[in-house]
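This report describes the sheets, the helices packed on them and the nonpolar cores of one protein model. Please consult the sequence and the structure below while reading.

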Amino acid sequence: MNRLLVVGPSWVGDMLMSQALYRRLKADNPDIQIDVLAPDWCRAVLSRMPEVNQAIVMPVGHGSLQWGIRKQVASELALEKYDSAIVLPNSLKSALIPWMAKISQRRGWHGEMRYGLLNDRRKLDKDAFPMMVQRYAALAEMPCDSADSLLPVLSPQLHVDSEHQQLLTAEYGLESGMFVAFCPGAEFGPAKRWPDYHYAELAEKLIGKGFQVVLFGSAKDAEVTAQILSKLKQSEYADAERCVDLAGKTSLQDVIDLLAASAVTVSNDSGLMHIAAAVNVPVIALYGPTSPGFTPPLSEKAEVIRLIDGFHKIRKGDAEQGYHQSMIDITPELVLEKLQAYLPELA
């Protein structure tokens with residue numbers, strides 16, 4: 001049996017992109033055993049990827065060296081006798097453990113001057129591989145010149161636990177296929193977020209049409225979801241009881257199964273957006289300063305709304321509350337119009 005160790009990325013959305021690599025590896029070699037070294041918070045996502053044998057917790061924080069801990073992890077992994085390793089992050093630190101573990105074949109992009117650490121070190125042409133998922137998938141194959149020469153990229157597909165899903169929908173009083181999921185959080189502050197008042201207005205319109213609205217996010221997003229719910233309670237036109245705030249109250253595995261039960265998901269550019277796409281529900285993805293060209297939602301049922309072009313490095317919006325003007329300009333009416341394709345009741 002061919003045993004492979006993958007050093008995975010640190011963010012949930014990027015980890016979803018990496019499944020394209022695992023799917024391609026399994027399609028080419030069904031007997032390969034794939035273990036993924038990743039932060040603890042990614043284990044829930046990896047557990048829903050059928051191609052992954054096990055997730056191994058990376059105890060070192062993102063960007064931290066901690067040489068001694070890395071050496072200890074490498075010593076433990078050396079006992080597993082891996083045949084090869086693929087390193088997905090581009091940092092020098094991420095390539096240390098496979099080298100320390102003396103894994104004979106170590107593959108990855110050149111990244112941060114990783115001479116010696118990788119012995120199958122490939123030079124990345126960013127224009128030839130414009131999408132992250134293409135860069136990951138390309139590492140499953142012999143070196144190639146461009147994304148055009150890749151085998152078809154296999155999009156992320158997470159397993160959904162239908163029995164667990166039924167328990168969750170019953171617990172929270174939800175009707176499968178009859179609620180709209182909102183994912184209003186995003187990393188790096190409010191510049192990537194659609195304004196809370198726009199989410200509240202859209203929720204009001206959906207509730208008025210008979211739908212439930214469910215707010216998803218981590219504990220860090222609870223402040224944002226609370227603002228949405230507060231504005232909804234101030235409205236005389238909507239029953240706020242039809243809006244369920246689950247931010248910080250569910251595990252990531254819970255979120256995977258619940259998003260799969262939604263009629264459609266409305267999301268900022270975030271990890272939850274990629275999860276919704278990977279469980280094959282329709283997604284309305286709202287983009288502002290970040291570009292969907294690099295990490296779009298990978299689903300035929302996903303539709304991107306973006307009113308500007310190009311990539312903007314700005315991490316802080318210049319409008320009130322730090323929102324980016326390009327996100328403010330996406331009106332609830334525009335999102336509602338896009339939702340009509342998936343919710344005939346709105347037409």
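Contact here means heavy atoms within 4.5 Å. The model is predicted, so that local features need pLDDT of at least 70 and side-chain atom pairs count only at pLDDT 80 or more, while totals for chains, interfaces and linings use all residues. Residues are numbered from 1 along each chain as its sequence is written, and side-chain values use heavy atoms, with hydrogens and water left out.

**Nonpolar cores**

A nonpolar core is a set of buried Ala, Val, Leu, Ile, Met, Phe, Trp, Tyr and Cys residues joined through side-chain atoms within 4.5 Å; buried means under 20% relative accessible area with a 1.4 Å probe, protein chains only. The largest nonpolar core has 60 residues, of which Leu21, Tyr22, Val36, Leu158, Phe216, Leu259 and Ile275 touch the most other members. Helix 1 supplies the largest share of this core, eight residues. Leaving aside residues up to four places away in sequence, Leu21 touches Ile86, Leu88, Tyr136, Ala137, Leu139 and Ala140. A second, separate core holds 31 residues, including Ile228, Ala238, Val264 and Val335.

**First sheet**

Helices (H or I, at least four residues) and strands (E, at least two) are DSSP runs numbered from the N terminus, and two strands pair if DSSP finds at least two bridges between them. Six strands in the order 3-2-1-4-5-6 make an open sheet with parallel pairing. Strand 3 (52-57) and strand 6 (120-122) stand at the edges with a single partner strand each, so one side of each lacks a neighbour in the sheet. Strand 2 (residues 33-38) runs parallel to strand 3 and is joined to it by five bridges; Ala38 has Val57 of strand 3 as its bridge partner.

Another open sheet of six strands, with parallel pairing, has the order 9-8-7-10-11-12. Its edge strands, strand 9 (243-245) and strand 12 (302-305), each pair on one side only. Three bridges link strand 8 (residues 212-215) to strand 9 in the parallel sense, and Leu215 stands opposite Asp245 in strand 9.

**Helices across the sheets**

The angles below run from 0 to 180 degrees between N-to-C directions, with axes fitted to C-alpha atoms, for helices over the stretch in contact.

| Helix | Strands it lies across | Angle |
|---|---|---|
| Helix 1 (residues 12-28) | strand 1, strand 2, strand 3, strand 4 | about 160 degrees to strand 2 |
| Helix 7 (residues 196-208) | strand 7, strand 8, strand 9, strand 10, strand 11 | about 175 degrees to strand 7 |
| Helix 8 (residues 222-233) | strand 8, strand 9 | about 155 degrees to strand 9 |

Technical notes
Buried < 20%, exposed > 50% of the residue type's maximum accessible area, 1.4 Å probe, protein only.
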